[in-house]
Amino acid sequence: MIEKHIVLEDIDPVVFYGVDNGHLQMIKALYPKLRIVARDNVIRVLGDEEQMCAFEESVEKMRKHVLKFNSLKEEDILDIVKGKRTKDDVPDGVLVYSVTGRPIKARSQNQQTLIEAYEKSDMVFAVGPAGTGKTYLSIALAVKALKEKTIKKIVLSRPAVEAGEKLGFLPGDMKDKIDPYLQPLYDALEDMIPAVKLQDMMEKHIIQIAPLAFMRGRTLSDAVVILDEAQNTTPAQIRMFLTRMGWNSKMIITGDRTQIDLPREQKSGLVEALNILNGIEGISIVNLTKKDIVRHKLVTRIVNAYEAFDKAKDLKQHNNNESINED
């Protein structure tokens with residue numbers, strides 16, 4: 001009789017063990033000659049060596065399945081234990097799977113262009129209106145890289161710029177005041193990484209979410225670094241951010257030229273960076289349009305309505321200026 005401890009690395013043990021430990025009970029029934037006890041992410045096994053080796057091999061296959069698909073079904077367990085071929089091949093185009101098992105991939109041609117730009121360039125600007133999947137797809141690319149261990153950490157940042165509200169009026173300490181600005185980043189991560197695992201990664205600083213101001217003085221190596229809502233950076237801020245890039249890192253900068261919340265007299269750092277860096281080797285600029293909007297169909301209609309309103313307002317202002325000049 002020998003005893004072994006198997007550690008379930010890189011996955012949420014809750015997904016592995018199943019609801020009310022249903023998967024674990026099934027695994028125990030499939031290996032009746034072994035004594036199996038699980039606690040947290042460690043499985044303690046007692047039994048003979050031959051059975052132990054088969055069990056260890058099956059557990060590793062199940063762990064890899066959970067890591068890849070964020071799920072484990074009873075039929076998967078049976079197929080693995082019985083040595084049948086499981087559906088382990090990820091279909092073409094799928095980046096990662098959500099916590100509900102939904103495949104996350106490009107849903108438009110420009111989104112596919114963004115993925116291809118990420119693969120060939122170390123720095124990518126993804127620019128387009130709300131709802132085009134810029135942030136969500138960027139985070140999916142980062143999570144994929146982390147799962148494949150091509151990087152060691154993900155760093156996500158946003159400028160904390162008021163959009164009609166003032167930070168000082170929000171309740172709580174500075175973290176509480178800033179967190180609402182970072183919530184869209186949390187939302188995307190929670191859709192791709194099980195809650196327990198995400199919390200662990202954040203506590204270990206494998207995933208870091210911070211306001212742009214916290215980036216100063218850092219060199220970010222072995223990471224995918226994402227700057228979201230970059231249209232709300234000043235030229236000095238985005239210049240500071242872009243020069244944080246270290247070895248074996250990729251940067252994705254997302255923004256929307258039509259949603260600048262800076263004071264009217266303040267120039268957008270994103271707009272300036274796009275002009276300065278266009279054509280630089282190693283930098284790709286991907287422009288998404290309202291055709292790429294993947295949110296509720298009303299979002300497209302809202303974007304169209306506001307575009308028409310802005311054009312009408314600009315035309316009216318132009319006509320008024322001409323009338324003044326004629327007078």
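Mentor: One term before we start: a residue is called buried when its relative accessible area is under 20%, and exposed when that area is over 50%. Also keep in mind that this is a predicted model.

Trainee: Okay, so how many residues of strand E8 are buried?
Mentor: 5 of the 5 residues in E8, which spans residues 207-211, are buried, so the strand is largely enclosed by the rest of the structure.

Trainee: Which residues sit on which face of E8?
Mentor: Ile207, Ile209 and Pro211 are on one side, with Gln208 and Ala210 on the other. Both faces are covered.

Trainee: And does E8 run parallel or antiparallel to strand E7?
Mentor: Parallel: 5 bridges join E8 to E7, residues 153-158.

Trainee: What about helix H8, which of its residues are buried?
Mentor: In H8, residues 195-203, those are Lys197, Leu198 and Met201. They are on the same side of the helix, because they cover an arc of only 100° around the axis. Ala195 and Glu203, on the other side of H8, are exposed.

Trainee: Switching topic. In what order do the strands of the open sheet come?
Mentor: The order is E1-E3-E2, 3 strands with antiparallel pairing. E1 (2-7) and E2 (35-39) are the edge strands, each pairing on one side only. From one strand to the next, the twist averages 15°.

Trainee: Which helix packs on that sheet?
Mentor: Helix H3, residues 49-69, which touches E1, E2 and E3. Its direction makes about 5° with that of E1.

Trainee: Back to the strands, how many bridges are there between E2 and E3?
Mentor: E2 pairs with E3 (residues 42-47) over 5 bridges. Ile36 stands opposite Val45 of E3.

Trainee: Last one, Asn70. Where is it?
Mentor: Asn70 is in the loop between H3 and helix H4, which covers 74-81.

Trainee: Is Asn70 buried or exposed there?
Mentor: Buried, because its relative accessibility is 6% and the cut-off is under 20%.

Trainee: What does the side chain of Asn70 reach?
Mentor: It reaches the backbone oxygen of Met192, at 2.7 Å. Leaving out residues up to four places away in sequence, Asn70 also touches several others, including Val15, His65, Tyr97, Lys147 and Pro194.

Note on methods
Residues numbered from 1 in each chain as written. Predicted model: local features only at pLDDT ≥ 70, side-chain atom pairs only at ≥ 80, totals over all residues. Heavy atoms only, no water. Pairing = 2+ DSSP bridges. Helix = DSSP H or I, 4+ residues; strand = E, 2+ residues; numbered from the N terminus. Axes fitted to C-alpha atoms, helices over the stretch in contact; angles between N-to-C directions. Contact = heavy atoms within 4.5 Å. Buried < 20%, exposed > 50% of the residue type's maximum accessible area, 1.4 Å probe, protein only. Polar contact = N/O pair within 3.5 Å; in protein donor to acceptor, adjacent residues only side chain to side chain. Arc of directions from axis to C-beta.
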